[in-house]
Each structure stands twice: as C-alpha cells, then as structure tokens.
Amino acid sequence: MLITPHFLTGVAIASQMPEVAPAALAAVTSHYVLDAIPHRDYFDKQYLTWRNILLTMADGLISLGLFYWLVPQAHWGYYFGIGALAMLPDVISLPGVFWRRWWQLPPIKQLHHWHTQMLQYVWGEQGWGIGLLPQLIVVAAAVYLLR
Ligand SMILES: [Zn+2]
C-alpha cells in the first residue's frame, strides 16, 4: 500500500496503545496485513520513474500533513516512531530500488519474496479505482480514530 495508509495505521495504533512493545509489534504486523489486501501503489513496475517518484513524494507529504493536523504536539515523538515502524518492511526493501542485488541478499531475499510475490502481488495488478478504495477506507478509519 501507499505510505499514508501504512503510516496512519501505525499512528492510530500508537494512539490506542501506550506501551511501546505491543504497539511496535502491532505496527509491523499491520504492514503485512494491509499489504495482503488487493491494492495499487505504483504507476509503473519500474520503481524509479518520474510518475512513481512524484506519487511517492505527494504521498509522503500527505502523510506528514495528516500527521501534524491530527496528532497533538505532546505525542509527536511516540506516534511518529510507531508510525515509522508500520512502514518498516518497505524501508527494509528500499535499498533494492537503487541496488537490485540488495533483494538477493539473505535474509532480505526471503523477506522481499514474501513481502511482494506472496503477499502484495498474489491478487494480480489492480486498477486505480479498486486499488485505491481499500487504502482510502484505511486512511478514513485512521483519521476517525485520531480525531
Ligand atoms: Zn509493503
């Protein structure tokens, strides 16, 4: 999924769980649960295209905008940390976008295969309509919990 649903789910988890360890576990787990839902998160299969880069930048800005709008300043550190953990599987994969051999290194290879082929792409490629809908629902639910 896009950055916004993953990050805001982690932030919503932080708002409901004041203890770090269970919140961190729930945040990382939420990433895989959300990625198992059919969705679309890129324009092009090749990651480094202008459309994908602009989409990722806009997505990141939307995440930050919603975060600063929804989260009281007193909670910024904890909520942001748990939100970041909800994106951890994608962050671990990120070096592979620039250096493909990263995805061949053990245990990254097994993790990447599970994260992509077995989890995200098992439903095939979705169009933007059906691919965006579950992500909008997740974001709406997170906004509802954080308001
Ligand atoms: Zn992912």
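Author: A pocket is an open set of grid points with protein on both sides within 12 Å along at least five of seven lines, and its volume is the space filled by probe spheres set on the points. In this predicted model, the second largest pocket holds about 430 Å³ of space. Of the 21 residues that line the second largest pocket, the closest to its centre are Asp41, Tyr42, Lys45, Tyr47 and Tyr121, and by class the lining divides into five nonpolar, nine polar and seven charged residues.

Reader: What makes the arrangement of the four donor atoms around the zinc ion irregular?

Author: The zinc ion is coordinated by His31 (NE2), Asp35 (OD), Asp90 (OD) and His115 (NE2), at 2.0 to 2.3 Å. Four donors count as tetrahedral if all angles lie between 85 and 135 degrees, but here the angles run from 87 to 175°, and the arrangement is therefore called irregular.

Reader: Which parts of the chain do aspartate 90 and histidine 115 tie together?

Author: Aspartate 90 lies in helix H5 (residues 88–93) and histidine 115 in helix H7 (residues 108–120), so the pair joins parts that are 25 residues apart in sequence.

Reader: Why is histidine 115 called buried, and what is the word for aspartate 90?

Author: Buried means under 20% relative accessible area and exposed means over 50%, with partly exposed in between. Histidine 115 has a value of 3%, so this residue is buried, whereas aspartate 90 has 28% and is therefore partly exposed.

Reader: How do you know that glutamate 125 forms a salt bridge with arginine 40?

Author: A salt bridge needs a side-chain nitrogen of Lys or Arg within 4 Å of a carboxyl oxygen of Asp or Glu. For glutamate 125 and arginine 40 the closest N and O atoms are 3.6 Å apart, and the pair forms a salt bridge. Glutamate 125 lies in the loop between H7 and helix H8 (128–146) and arginine 40 in the loop between helix H2 (20–35) and H3, so the pair ties together parts that are 85 residues apart in sequence.

Reader: Are glutamate 125 and arginine 40 buried or exposed?

Author: Glutamate 125, with a relative accessible area of 55%, is exposed, while arginine 40, with 14%, is buried.

Reader: What links Arg40, Lys45 and Glu125?

Author: The side chains of glutamate 125 and lysine 45 also meet in a salt bridge, at 3.5 Å from N to O, and Arg40, Lys45 and Glu125 are linked in a network of salt bridges.

How values were computed: Residues numbered from 1 in each chain as written. Predicted model: local features only at pLDDT ≥ 70, side-chain atom pairs only at ≥ 80, totals over all residues. Heavy atoms only, no water. Donors = N, O, S within 2.8 Å, 3.2 Å for Na, K, Ca; no water. Tetrahedral: all angles 85-135°; square planar, octahedral: opposite > 155°, others 65-115°. Helix = DSSP H or I, 4+ residues; strand = E, 2+ residues; numbered from the N terminus. Buried < 20%, exposed > 50% of the residue type's maximum accessible area, 1.4 Å probe, protein only. 1 Å grid on protein atoms, 1.4 Å probe; cavity = no way out; pocket = protein on both sides within 12 Å on 5 of 7 lines; lining within 4 Å. Nonpolar A, V, L, I, M, F, W, Y, C, P; charged D, E, K, R; others polar.
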